[in-house]
Amino acid sequence: MTSALAFDLALAALVLAIATLTIAAREAMSAVISFIAYGLLLSLAWVRLRAPDVALTEAAIGAGVTGLLLLGAAATIGDRQAGAAPPLALMLAAGLACTLVASGLAATTLVLLPEPAPTLAPPAMASLATTGLGNPVTAVLFVYRALDTLLEKVVLVLALLGVWSLAPDRVWGGVARLGPDAPPRAMLVFLAQLLPPVGMLIAIYMFWTGADHPGGAFQGGAILAAMWLIVLTARLADMPATSHPGLRLLVLAGPMLFAAIGFAGWALADAFLAYPEGYAKPLIILAEAGLTLSIAATLACLVAGPATRTPPP
Amino acid sequence: MSTAIALVTVVAVSAGAIFFLAGTIGLIRFPDAPCRLHALTKADNLGLGLIVLGLLPQVGTLAEALKLVCIWLLVLFSGAIVTQLIAATSRHK
(Lines give C-alpha, C1' and ligand atoms only; values in the text may rest on other atoms or scores of the structure.)
Protein backbone atom coordinates (compact mmCIF):
# COMPACT_ATOMS: atom_id res chain seq x y z
CA MET A 1 0.00 0.00 0.00
CA THR A 2 1.48 3.33 -1.04
CA SER A 3 1.59 6.24 1.39
CA ALA A 4 -0.77 8.24 -0.86
CA LEU A 5 -3.39 5.49 -0.68
CA ALA A 6 -2.93 5.22 3.11
CA PHE A 7 -3.45 9.00 3.41
CA ASP A 8 -6.59 8.87 1.23
CA LEU A 9 -8.06 6.00 3.25
CA ALA A 10 -7.35 7.81 6.51
CA LEU A 11 -8.91 11.00 5.11
CA ALA A 12 -12.02 9.14 3.96
CA ALA A 13 -12.35 7.46 7.36
CA LEU A 14 -11.96 10.84 9.10
CA VAL A 15 -14.61 12.46 6.86
CA LEU A 16 -17.04 9.60 7.64
CA ALA A 17 -16.26 9.83 11.38
CA ILE A 18 -16.85 13.61 11.48
CA ALA A 19 -20.05 13.19 9.43
CA THR A 20 -21.33 10.66 11.99
CA LEU A 21 -20.33 13.02 14.81
CA THR A 22 -22.26 15.87 13.14
CA ILE A 23 -25.45 13.82 12.93
CA ALA A 24 -25.07 12.24 16.38
CA ALA A 25 -24.35 15.55 18.22
CA ARG A 26 -27.07 16.33 20.76
CA GLU A 27 -26.53 20.10 20.84
CA ALA A 28 -26.97 22.34 17.82
CA MET A 29 -23.71 24.19 18.54
CA SER A 30 -21.60 20.98 18.64
CA ALA A 31 -23.25 19.78 15.43
CA VAL A 32 -22.38 23.06 13.69
CA ILE A 33 -18.76 22.95 14.84
CA SER A 34 -18.44 19.35 13.61
CA PHE A 35 -20.01 20.44 10.33
CA ILE A 36 -17.33 23.15 9.86
CA ALA A 37 -14.57 20.58 10.52
CA TYR A 38 -16.36 18.25 8.08
CA GLY A 39 -16.29 20.98 5.39
CA LEU A 40 -12.57 21.61 5.90
CA LEU A 41 -11.77 17.88 5.66
CA LEU A 42 -13.96 17.62 2.56
CA SER A 43 -11.95 20.41 0.93
CA LEU A 44 -8.81 18.34 1.62
CA ALA A 45 -10.53 15.44 -0.17
CA TRP A 46 -11.15 17.73 -3.17
CA VAL A 47 -7.45 18.63 -3.15
CA ARG A 48 -6.62 14.92 -3.28
CA LEU A 49 -9.02 14.56 -6.25
CA ARG A 50 -6.99 17.35 -7.94
CA ALA A 51 -9.94 19.76 -7.95
CA PRO A 52 -8.37 22.80 -6.25
CA ASP A 53 -11.17 25.13 -7.45
CA VAL A 54 -13.82 23.00 -5.77
CA ALA A 55 -11.58 22.67 -2.69
CA LEU A 56 -11.28 26.46 -2.34
CA THR A 57 -15.03 26.91 -2.76
CA GLU A 58 -15.79 24.15 -0.27
CA ALA A 59 -13.47 25.71 2.32
CA ALA A 60 -14.72 29.27 1.75
CA ILE A 61 -18.45 28.66 1.19
CA GLY A 62 -19.17 25.15 2.49
CA ALA A 63 -17.20 25.46 5.71
CA GLY A 64 -16.72 29.24 6.13
CA VAL A 65 -19.88 31.10 5.16
CA THR A 66 -22.32 28.20 5.69
CA GLY A 67 -20.61 27.54 9.03
CA LEU A 68 -21.12 31.18 10.05
CA LEU A 69 -24.78 31.07 8.97
CA LEU A 70 -25.36 27.89 10.99
CA LEU A 71 -23.45 29.26 14.03
CA GLY A 72 -25.74 32.31 13.98
CA ALA A 73 -28.81 30.09 13.69
CA ALA A 74 -27.61 27.79 16.50
CA ALA A 75 -26.94 30.80 18.76
CA THR A 76 -30.44 32.16 18.04
CA ILE A 77 -32.31 28.95 18.77
CA GLY A 78 -29.85 27.96 21.55
CA ASP A 79 -32.21 28.17 24.52
CA ARG A 80 -35.32 26.71 22.97
CA GLN A 81 -33.91 23.64 21.27
CA ALA A 82 -34.62 21.32 24.22
CA GLY A 83 -37.84 19.98 22.70
CA ALA A 84 -38.94 16.35 22.78
CA ALA A 85 -37.12 14.02 20.39
CA PRO A 86 -39.16 13.14 17.26
CA PRO A 87 -40.97 9.76 17.37
CA LEU A 88 -38.82 6.69 16.68
CA ALA A 89 -40.80 5.74 13.56
CA LEU A 90 -40.13 9.17 12.01
CA MET A 91 -36.39 8.95 12.77
CA LEU A 92 -36.23 5.44 11.28
CA ALA A 93 -38.12 6.57 8.17
CA ALA A 94 -35.78 9.55 7.71
CA GLY A 95 -32.72 7.34 8.16
CA LEU A 96 -34.10 4.81 5.70
CA ALA A 97 -34.84 7.51 3.11
CA CYS A 98 -31.30 8.94 3.47
CA THR A 99 -29.77 5.45 3.11
CA LEU A 100 -31.85 4.81 -0.03
CA VAL A 101 -30.78 8.12 -1.61
CA ALA A 102 -27.11 7.57 -0.71
CA SER A 103 -27.02 3.99 -2.01
CA GLY A 104 -28.93 5.07 -5.13
CA LEU A 105 -26.31 7.74 -5.83
CA ALA A 106 -23.49 5.29 -5.11
CA ALA A 107 -25.03 2.68 -7.42
CA THR A 108 -25.45 5.26 -10.21
CA THR A 109 -21.86 6.50 -10.02
CA LEU A 110 -20.07 3.25 -9.19
CA VAL A 111 -22.06 0.61 -11.10
CA LEU A 112 -24.12 2.16 -13.90
CA LEU A 113 -21.50 4.53 -15.33
CA PRO A 114 -19.45 2.96 -18.14
CA GLU A 115 -15.68 2.66 -17.75
CA PRO A 116 -14.13 5.13 -18.54
CA ALA A 117 -16.88 7.53 -17.47
CA PRO A 118 -18.25 9.85 -20.18
CA THR A 119 -16.40 13.17 -20.12
CA LEU A 120 -16.42 16.49 -21.92
CA ALA A 121 -12.96 17.36 -20.60
CA PRO A 122 -11.02 16.83 -23.89
CA PRO A 123 -13.30 19.11 -26.02
CA ALA A 124 -13.33 21.66 -23.15
CA MET A 125 -9.54 21.69 -23.08
CA ALA A 126 -9.36 21.81 -26.89
CA SER A 127 -11.35 25.08 -27.04
CA LEU A 128 -9.59 26.63 -24.05
CA ALA A 129 -7.13 28.57 -26.26
CA THR A 130 -9.96 30.46 -28.01
CA THR A 131 -11.17 31.87 -24.66
CA GLY A 132 -7.80 33.37 -23.71
CA LEU A 133 -8.19 31.81 -20.24
CA GLY A 134 -5.72 29.45 -18.58
CA ASN A 135 -8.06 27.91 -16.01
CA PRO A 136 -10.51 25.41 -17.60
CA VAL A 137 -12.88 25.74 -14.60
CA THR A 138 -13.29 29.47 -15.24
CA ALA A 139 -13.83 28.70 -18.94
CA VAL A 140 -16.66 26.31 -18.04
CA LEU A 141 -18.20 28.83 -15.63
CA PHE A 142 -17.99 31.91 -17.85
CA VAL A 143 -17.84 30.62 -21.46
CA TYR A 144 -19.36 27.16 -21.93
CA ARG A 145 -21.99 27.39 -19.19
CA ALA A 146 -22.20 31.15 -18.65
CA LEU A 147 -26.01 31.10 -18.39
CA ASP A 148 -25.83 28.71 -15.42
CA THR A 149 -23.37 31.02 -13.69
CA LEU A 150 -25.54 34.09 -14.34
CA LEU A 151 -28.64 32.38 -12.95
CA GLU A 152 -26.64 31.12 -9.96
CA LYS A 153 -25.83 34.73 -9.02
CA VAL A 154 -29.49 35.69 -9.45
CA VAL A 155 -30.43 32.84 -7.09
CA LEU A 156 -28.02 34.30 -4.53
CA VAL A 157 -29.82 37.67 -4.74
CA LEU A 158 -33.19 35.91 -4.41
CA ALA A 159 -31.91 34.10 -1.30
CA LEU A 160 -30.99 37.46 0.22
CA LEU A 161 -34.46 38.80 -0.63
CA GLY A 162 -35.91 35.80 1.19
CA VAL A 163 -33.79 36.48 4.29
CA TRP A 164 -34.60 40.21 4.28
CA SER A 165 -38.31 39.40 3.93
CA LEU A 166 -38.21 37.72 7.35
CA ALA A 167 -38.00 41.18 8.97
CA PRO A 168 -41.23 42.28 10.65
CA ASP A 169 -43.08 45.13 8.91
CA ARG A 170 -42.17 47.80 11.47
CA VAL A 171 -38.40 47.33 10.92
CA TRP A 172 -38.61 46.70 7.15
CA GLY A 173 -35.59 48.36 5.53
CA GLY A 174 -33.91 48.58 8.94
CA VAL A 175 -30.55 47.43 10.23
CA ALA A 176 -29.53 43.83 10.88
CA ARG A 177 -27.97 42.95 14.24
CA LEU A 178 -24.54 41.39 14.07
CA GLY A 179 -22.89 39.84 17.12
CA PRO A 180 -23.78 40.39 20.78
CA ASP A 181 -25.00 43.73 22.18
CA ALA A 182 -22.01 44.02 24.53
CA PRO A 183 -19.19 46.30 23.34
CA PRO A 184 -16.59 44.36 21.30
CA ARG A 185 -13.44 43.12 23.04
CA ALA A 186 -10.26 45.10 22.44
CA MET A 187 -8.62 42.02 20.90
CA LEU A 188 -11.39 41.70 18.30
CA VAL A 189 -11.02 45.38 17.41
CA PHE A 190 -7.28 44.85 17.00
CA LEU A 191 -7.91 41.87 14.70
CA ALA A 192 -10.41 43.90 12.68
CA GLN A 193 -7.87 46.68 12.24
CA LEU A 194 -4.95 44.47 11.18
CA LEU A 195 -6.45 41.56 9.22
CA PRO A 196 -8.71 43.24 6.57
CA PRO A 197 -5.87 44.87 4.53
CA VAL A 198 -4.20 41.45 4.21
CA GLY A 199 -7.51 39.66 3.59
CA MET A 200 -8.59 42.18 0.92
CA LEU A 201 -5.29 41.68 -0.88
CA ILE A 202 -5.77 37.89 -0.80
CA ALA A 203 -9.37 38.30 -2.03
CA ILE A 204 -8.32 40.48 -4.97
CA TYR A 205 -5.51 38.04 -5.78
CA MET A 206 -7.97 35.14 -5.60
CA PHE A 207 -10.34 36.82 -8.09
CA TRP A 208 -7.53 38.01 -10.40
CA THR A 209 -5.67 34.70 -10.53
CA GLY A 210 -8.95 32.85 -11.25
CA ALA A 211 -8.56 33.46 -15.00
CA ASP A 212 -5.46 31.28 -15.20
CA HIS A 213 -5.17 29.42 -11.88
CA PRO A 214 -7.52 28.00 -9.23
CA GLY A 215 -9.59 30.82 -7.74
CA GLY A 216 -12.34 33.12 -8.91
CA ALA A 217 -15.19 35.44 -8.01
CA PHE A 218 -16.88 33.17 -5.48
CA GLN A 219 -13.74 32.40 -3.45
CA GLY A 220 -12.54 36.02 -3.55
CA GLY A 221 -16.02 37.28 -2.68
CA ALA A 222 -16.26 34.92 0.31
CA ILE A 223 -12.95 36.21 1.73
CA LEU A 224 -14.03 39.81 1.13
CA ALA A 225 -17.31 39.09 2.93
CA ALA A 226 -15.40 37.60 5.88
CA MET A 227 -13.24 40.74 6.15
CA TRP A 228 -16.30 43.00 6.09
CA LEU A 229 -18.01 40.84 8.74
CA ILE A 230 -14.96 41.11 11.04
CA VAL A 231 -14.99 44.91 10.71
CA LEU A 232 -18.76 45.00 11.35
CA THR A 233 -18.59 42.66 14.36
CA ALA A 234 -15.84 44.82 15.89
CA ARG A 235 -18.14 47.87 15.36
CA LEU A 236 -15.43 49.69 13.39
CA ALA A 237 -18.10 50.38 10.79
CA ASP A 238 -21.88 50.44 10.98
CA MET A 239 -23.97 47.80 9.26
CA PRO A 240 -25.83 49.68 6.50
CA ALA A 241 -29.63 49.55 6.63
CA THR A 242 -31.15 47.02 4.23
CA SER A 243 -32.92 49.96 2.55
CA HIS A 244 -29.57 51.70 1.86
CA PRO A 245 -29.50 52.38 -1.93
CA GLY A 246 -25.71 51.84 -2.08
CA LEU A 247 -25.96 48.42 -0.46
CA ARG A 248 -28.80 47.36 -2.75
CA LEU A 249 -26.85 48.56 -5.79
CA LEU A 250 -23.76 46.65 -4.61
CA VAL A 251 -25.79 43.45 -4.27
CA LEU A 252 -27.26 43.87 -7.76
CA ALA A 253 -24.24 45.36 -9.59
CA GLY A 254 -22.48 42.06 -10.41
CA PRO A 255 -25.45 40.13 -11.83
CA MET A 256 -26.62 43.28 -13.70
CA LEU A 257 -23.17 43.84 -15.20
CA PHE A 258 -22.94 40.17 -16.22
CA ALA A 259 -26.44 40.31 -17.76
CA ALA A 260 -25.52 43.54 -19.62
CA ILE A 261 -22.43 41.82 -21.06
CA GLY A 262 -24.71 38.92 -22.01
CA PHE A 263 -27.18 41.19 -23.85
CA ALA A 264 -24.30 43.03 -25.53
CA GLY A 265 -23.29 39.61 -26.90
CA TRP A 266 -26.52 39.62 -28.93
CA ALA A 267 -25.49 42.77 -30.74
CA LEU A 268 -21.74 42.11 -30.97
CA ALA A 269 -21.39 38.34 -31.23
CA ASP A 270 -24.79 36.99 -32.43
CA ALA A 271 -25.80 35.23 -29.21
CA PHE A 272 -26.78 35.92 -25.61
CA LEU A 273 -23.67 35.67 -23.39
CA ALA A 274 -21.36 35.21 -26.41
CA TYR A 275 -18.19 37.27 -26.33
CA PRO A 276 -16.83 39.16 -29.37
CA GLU A 277 -13.68 37.63 -30.88
CA GLY A 278 -10.57 38.47 -28.86
CA TYR A 279 -12.49 40.25 -26.07
CA ALA A 280 -13.52 37.17 -24.10
CA LYS A 281 -10.91 37.40 -21.34
CA PRO A 282 -11.22 41.17 -20.57
CA LEU A 283 -15.04 40.91 -20.53
CA ILE A 284 -14.93 37.86 -18.25
CA ILE A 285 -12.57 39.62 -15.85
CA LEU A 286 -14.85 42.68 -15.85
CA ALA A 287 -17.87 40.50 -15.07
CA GLU A 288 -15.91 38.64 -12.37
CA ALA A 289 -14.80 41.90 -10.73
CA GLY A 290 -18.43 43.04 -10.41
CA LEU A 291 -19.53 39.60 -9.26
CA THR A 292 -16.79 39.45 -6.59
CA LEU A 293 -18.09 42.66 -4.99
CA SER A 294 -21.74 41.59 -5.25
CA ILE A 295 -21.04 38.12 -3.87
CA ALA A 296 -19.13 39.67 -0.94
CA ALA A 297 -21.99 42.06 -0.12
CA THR A 298 -24.66 39.36 -0.55
CA LEU A 299 -22.86 36.76 1.58
CA ALA A 300 -22.18 39.29 4.36
CA CYS A 301 -25.84 40.39 4.34
CA LEU A 302 -26.98 36.74 4.40
CA VAL A 303 -24.87 36.16 7.52
CA ALA A 304 -26.08 39.39 9.15
CA GLY A 305 -29.67 38.22 8.61
CA PRO A 306 -32.94 40.17 8.47
CA ALA A 307 -33.32 43.66 9.92
CA THR A 308 -34.04 43.80 13.65
CA ARG A 309 -33.93 47.55 14.28
CA THR A 310 -35.53 50.50 12.51
CA PRO A 311 -33.06 52.45 10.36
CA PRO A 312 -31.46 55.52 12.00
CA PRO A 313 -33.14 58.72 10.80
CA MET B 1 23.92 18.06 -0.59
CA SER B 2 20.40 16.98 -1.59
CA THR B 3 20.52 14.27 1.09
CA ALA B 4 21.35 16.89 3.72
CA ILE B 5 18.43 19.07 2.55
CA ALA B 6 16.08 16.09 2.61
CA LEU B 7 17.30 15.28 6.12
CA VAL B 8 16.56 18.84 7.31
CA THR B 9 13.04 18.54 5.89
CA VAL B 10 12.38 15.15 7.47
CA VAL B 11 13.69 16.22 10.89
CA ALA B 12 11.85 19.58 10.95
CA VAL B 13 8.52 18.24 9.64
CA SER B 14 8.66 15.27 12.05
CA ALA B 15 9.38 17.61 14.96
CA GLY B 16 6.43 19.75 13.84
CA ALA B 17 4.20 16.67 13.70
CA ILE B 18 5.26 15.76 17.26
CA PHE B 19 4.15 19.21 18.45
CA PHE B 20 0.78 18.70 16.74
CA LEU B 21 0.44 15.28 18.39
CA ALA B 22 1.36 16.70 21.81
CA GLY B 23 -1.05 19.62 21.29
CA THR B 24 -3.86 17.22 20.41
CA ILE B 25 -3.20 15.03 23.44
CA GLY B 26 -3.21 18.17 25.59
CA LEU B 27 -6.48 19.33 24.04
CA ILE B 28 -8.12 16.02 24.89
CA ARG B 29 -6.63 15.47 28.36
CA PHE B 30 -6.17 18.90 29.99
CA PRO B 31 -8.80 19.84 32.57
CA ASP B 32 -9.97 23.39 31.67
CA ALA B 33 -10.16 25.88 28.80
CA PRO B 34 -6.94 27.90 29.50
CA CYS B 35 -4.87 24.68 29.79
CA ARG B 36 -6.35 23.32 26.58
CA LEU B 37 -5.65 26.61 24.80
CA HIS B 38 -2.07 26.47 26.07
CA ALA B 39 -1.70 23.03 24.47
CA LEU B 40 -3.28 24.16 21.22
CA THR B 41 -1.06 27.20 20.74
CA LYS B 42 2.02 24.96 20.82
CA ALA B 43 0.66 23.04 17.83
CA ASP B 44 -0.21 26.25 15.98
CA ASN B 45 2.94 28.23 16.64
CA LEU B 46 5.78 25.72 16.91
CA GLY B 47 4.26 22.76 15.08
CA LEU B 48 3.24 24.71 11.98
CA GLY B 49 6.42 26.82 12.21
CA LEU B 50 8.62 23.72 12.12
CA ILE B 51 6.64 22.21 9.24
CA VAL B 52 6.98 25.45 7.24
CA LEU B 53 10.68 25.55 8.11
CA GLY B 54 11.06 21.96 6.90
CA LEU B 55 9.22 22.67 3.64
CA LEU B 56 11.22 25.82 2.83
CA PRO B 57 14.24 23.95 1.32
CA GLN B 58 11.83 22.00 -0.94
CA VAL B 59 10.20 24.94 -2.77
CA GLY B 60 11.45 26.09 -6.15
CA THR B 61 11.14 29.87 -6.02
CA LEU B 62 11.50 32.67 -3.49
CA ALA B 63 7.85 33.68 -4.05
CA GLU B 64 6.66 30.21 -2.99
CA ALA B 65 8.88 30.33 0.10
CA LEU B 66 7.44 33.75 1.02
CA LYS B 67 3.90 32.41 0.59
CA LEU B 68 4.67 29.59 3.03
CA VAL B 69 6.08 32.03 5.59
CA CYS B 70 3.03 34.31 5.12
CA ILE B 71 0.71 31.36 5.84
CA TRP B 72 2.59 30.71 9.08
CA LEU B 73 2.48 34.40 10.08
CA LEU B 74 -1.27 34.60 9.35
CA VAL B 75 -1.96 31.51 11.45
CA LEU B 76 0.27 32.87 14.25
CA PHE B 77 -1.58 36.19 14.21
CA SER B 78 -5.14 34.89 14.02
CA GLY B 79 -4.34 32.03 16.42
CA ALA B 80 -2.95 34.37 19.06
CA ILE B 81 -6.00 36.65 18.91
CA VAL B 82 -8.62 33.92 18.75
CA THR B 83 -6.93 32.25 21.74
CA GLN B 84 -7.22 35.49 23.72
CA LEU B 85 -10.88 35.86 22.73
CA ILE B 86 -11.75 32.27 23.72
CA ALA B 87 -9.87 32.63 27.02
CA ALA B 88 -11.66 35.90 27.85
CA THR B 89 -15.05 34.40 26.98
CA SER B 90 -14.42 31.26 29.04
CA ARG B 91 -13.40 33.36 32.08
CA HIS B 92 -16.58 35.43 31.99
CA LYS B 93 -18.82 32.36 31.96
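I count a residue as buried if 20 or more other C-beta atoms lie within 10 Å of its own, as exposed if 12 or fewer do, and as partly exposed in between, with C-beta atoms placed from the backbone. By that rule, buried residues make up 29% of the 313 residues in chain A.

**Ground rules**

I am looking at a predicted model, in which local features need pLDDT of at least 70 and side-chain atom pairs count only at pLDDT 80 or more, while totals for chains, interfaces and linings use all residues. Residues are numbered from 1 along each chain as its sequence is written, and chains are lettered from A and ligands numbered from 1 in the order in which they are written.

**Chain A, overall**

I began with the elements. Helices (H or I, at least four residues) and strands (E, at least two) are DSSP runs, numbered from the N terminus. Chain A has 12 helices and two strands. Read from the N terminus, their order is α-α-α-α-α-α-α-α-β-α-α-α-α-β.

Next I looked up the extent of the C-alpha trace of chain A, which spans about 55 × 55 × 35 Å along its principal axes.

I then checked the domains, whose bounds come from an automatic or database domain assignment. Chain A splits into domain 1 (1-78), domain 2 (85-117) and domain 3 (135-313). The centres of domain 1 and domain 2 of chain A, taken over C-alpha atoms, are 20 Å apart.

For contacts, I take two residues whose C-beta atoms, placed from the backbone, lie within 7 Å. In chain A, 74% of the contacts with a separation of 6 or more are between residues 24 or more positions apart.

**Helix H8 of chain A**

The expected span of a helix is 1.5 Å times one less than its number of residues.

Which residues of H8(A) are buried? I found A:Ala146, A:Thr149, A:Leu150, A:Lys153, A:Leu156, A:Leu160, A:Val163 and A:Trp164. Down the axis of H8(A), these buried residues fall within an arc of 140°, so they line one face of the helix. The arc is that of the directions from the helix axis to the C-beta atoms. I noted a general point that helps here: an α-helix has 3.6 residues a turn, so residues three or four places apart point the same way.

What do the buried residues of H8(A) pack against? They pack against helix H7 (136-144), H11 and H12 of chain A. On the face turned away from the buried side, I listed exposed residues, among them A:Leu147, A:Asp148, A:Leu151 and A:Val155.

**Helix H12 of chain A**

H12(A) has 25 residues and reaches 36 Å from its first C-alpha to its last, close to the 36 Å expected. Of its 25 residues, 19 are buried, so H12(A) is largely enclosed by the rest of the structure. Just after H12(A), A:Gly305 takes a positive phi of about 85°.

**Two loop residues in chain A**

I found that A:Arg235 has a positive phi of about 60° although it is not a glycine. A:Arg235 sits in the loop between helix H10 (217-233) and helix H11 (245-269) of chain A. Is A:Arg235 buried or partly exposed? A:Arg235 is partly exposed, because 15 other C-beta atoms lie within 10 Å.

A:Asp270 is not a glycine either, and has a positive phi of about 75°. A:Asp270 counts as exposed because it has 9 C-beta neighbours inside 10 Å.

**Chain B**

I turned to chain B, which has three helices and zero strands, running α-α-α from the N terminus on. Its C-alpha trace spans about 55 × 25 × 10 Å along the principal axes, and buried residues make up 11% of its 93 residues.

I also looked up B:Leu53, which lies in helix H2 (residues 33-55) of chain B. B:Leu53 counts as partly exposed because it has 19 C-beta neighbours inside 10 Å. The C-alpha atoms of B:Leu53 and B:Ala88 are separated by 32 Å, with the two 35 residues apart along the chain.

**Where the chains meet**

Last, I checked the contact between the chains, which takes six residues from chain A and five residues from chain B.
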